[in-house]
Amino acid sequence: MTLLAHMMAVTQESECTCEEAYSLMDQYVELKLQGAEVASLMPLIHAHFEMCGCCRDELEALQRILTEGEA
Amino acid sequence: MSTRTNEEWLAALRATGPDRDAALAELRDVLLVGLRRGLVDWVKTSGPEFSALAEDFVQEALLKVLDSLDSFEGRSKFTTWAHKVAVRVALSELRRKRWQDRSLEALVSAENRAPFAVPDGRPSPERATLQADLIAQVQRIIHEELTDKQRTAMLVVPIGGMPLEVAAEQMGMNRNALYKLLHDARKRLKQRLEEEGLTSDDILDAFSR
């Protein structure tokens with residue numbers, strides 16, 4: 001029940017799709033690693049990563065690649 | 001570290017002959033190193049098994065990169081964009097392998113009751129009654145508001161933990177379409193809960209320890 005409640009709490013009227021999040025993932029991760037406030041700059045994309053486990057996994061893997069070495 | 005600019009990458013990969021071969025070889029190396037770092041949470045990244053696996057992922061990623069050069073808009077480093085492609089290729093395959101023995105049907109039946117299980121602990125009689133009433137109310141709303149497909153998706157993905165991509169494949173949909181289906185389901189539930197005077201906070205309050 002709490003999981004359902006959390007899901008309802010973060011549900012927005014308009015959310016971007018996996019495809020839209022994917023298209024901006026590289027830009028999002030570079031901005032994030034530069035210290036930018038990505039939640040404010042790209043709120044819909046940020047919210048998608050909070051909600052979608054598959055996209056979040058990919059974001060985290062990409063972030064690790066860029067964090068631990070030069071791209 | 002690559003010293004090529006985005007424009008140099010694009011020019012070399014669009015060229016023919018030795019320039020293109022050299023760029024492809026360099027990009028292959030960049031992606032292989034990247035996957036070794038990026039997949040540490042998914043597979044054992046040392047040893048010959050990983051090298052073979054990563055080589056397959058990178059070869060597929062290189063084909064996709066070459067096929068979609070025109071879609072690169074230069075909003076990031078070219079190599080970041082290429083790493084993104086390689087990560088998508090690798091995780092799609094790794095998810096498929098990880099979940100290959102789990103069917104949608106089994107997960108639906110296993111998870112059917114999970115979200116409505118009585119929580120652990122010893123709530124007061126008043127609190128237990130409140131929780132039971134809320135569970136019944138939410139179950140009724142889910143039954144009344146969601147289509148069979150939406151119910152299945154809710155049980156399998158956010159509750160059952162099956163990756164969206166794997167569930168989409170088993171449901172004969174693409175990942176985007178399943179995300180939209182789930183989004184519609186969440187919106188309908190949220191709206192109906194609100195119409196009945198129930199907010200997310202009410203539920204969280206009732207079930208918090």
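Two residues are in contact here when they have heavy atoms within 4.5 Å of each other. By that rule, 42 residues of chain A are in contact with 47 residues of chain B. Keep in mind that this is a predicted model, where local features need pLDDT of at least 70, side-chain atom pairs count only at pLDDT 80 or more, and totals for chains, interfaces and linings use all residues. Residues are numbered from 1 along each chain as its sequence is written, chains are lettered from A in the order in which they are written, and side-chain values use heavy atoms, with hydrogens and water left out.

- The complex gets an ipTM of 0.93 and a pTM of 0.87 from the predictor.
- Chain B averages a pLDDT of 90, and 93% of its residues score at least 70; pLDDT is the predictor's confidence in each residue, from 0 to 100.

**Where the chains meet**

- Chain A and chain B bury about 4,100 Å² between them, 64% of it on carbon and sulfur atoms. Buried area is the accessible area (1.4 Å probe) that two parts lose on being put together, summed over both.
- There are 23 residue pairs in polar contact between chain A and chain B, both residues at pLDDT 80 or more. A polar contact is a pair of N or O atoms within 3.5 Å; within protein, one must be able to donate a hydrogen and the other to accept it, and residues adjacent in sequence count only if both atoms are side-chain atoms.
- On chain A, helices α1 (2-10), α2 (18-33), α4 (43-51) and α5 (53-67) each supply at least two residues of the side that touches chain B. Helices are DSSP runs (H or I, at least four residues), numbered from the N terminus.
- α2(A) gives the most to that side, with 10 residues.

**Salt bridges**

- Over all chains the count comes to 23 salt bridges, and between chain A and chain B it is 7. A salt bridge is a side-chain nitrogen of Lys or Arg within 4 Å of a carboxyl oxygen of Asp or Glu.
- B:Arg88 and A:Glu58 form one of them, at 2.8 Å, N to O.
- B:Lys187 and A:Glu13 form another salt bridge, at 3.5 Å, N to O. This pair crosses between chains, from helix α9 (residues 175-195) of chain B to the loop between α1 and α2 of chain A.

**An aromatic pair**

- B:Trp9 and B:Phe78 are stacked, 5.6 Å centre to centre with 25° between the planes. Rings of Phe, Tyr and Trp (its six-membered ring) pair if their centres lie within 6.5 Å, and planes under 30 degrees apart count as stacked.
- B:Trp9 lies in helix α1 (residues 6-14) of chain B and B:Phe78 in helix α4 (residues 78-98), so the pair ties together parts that are 69 residues apart in sequence.

Note on methods. Rings of Phe, Tyr and Trp (its six-membered ring) pair if their centres lie within 6.5 Å; planes under 30 degrees apart count as stacked, over 60 as edge-to-face and the rest as tilted.
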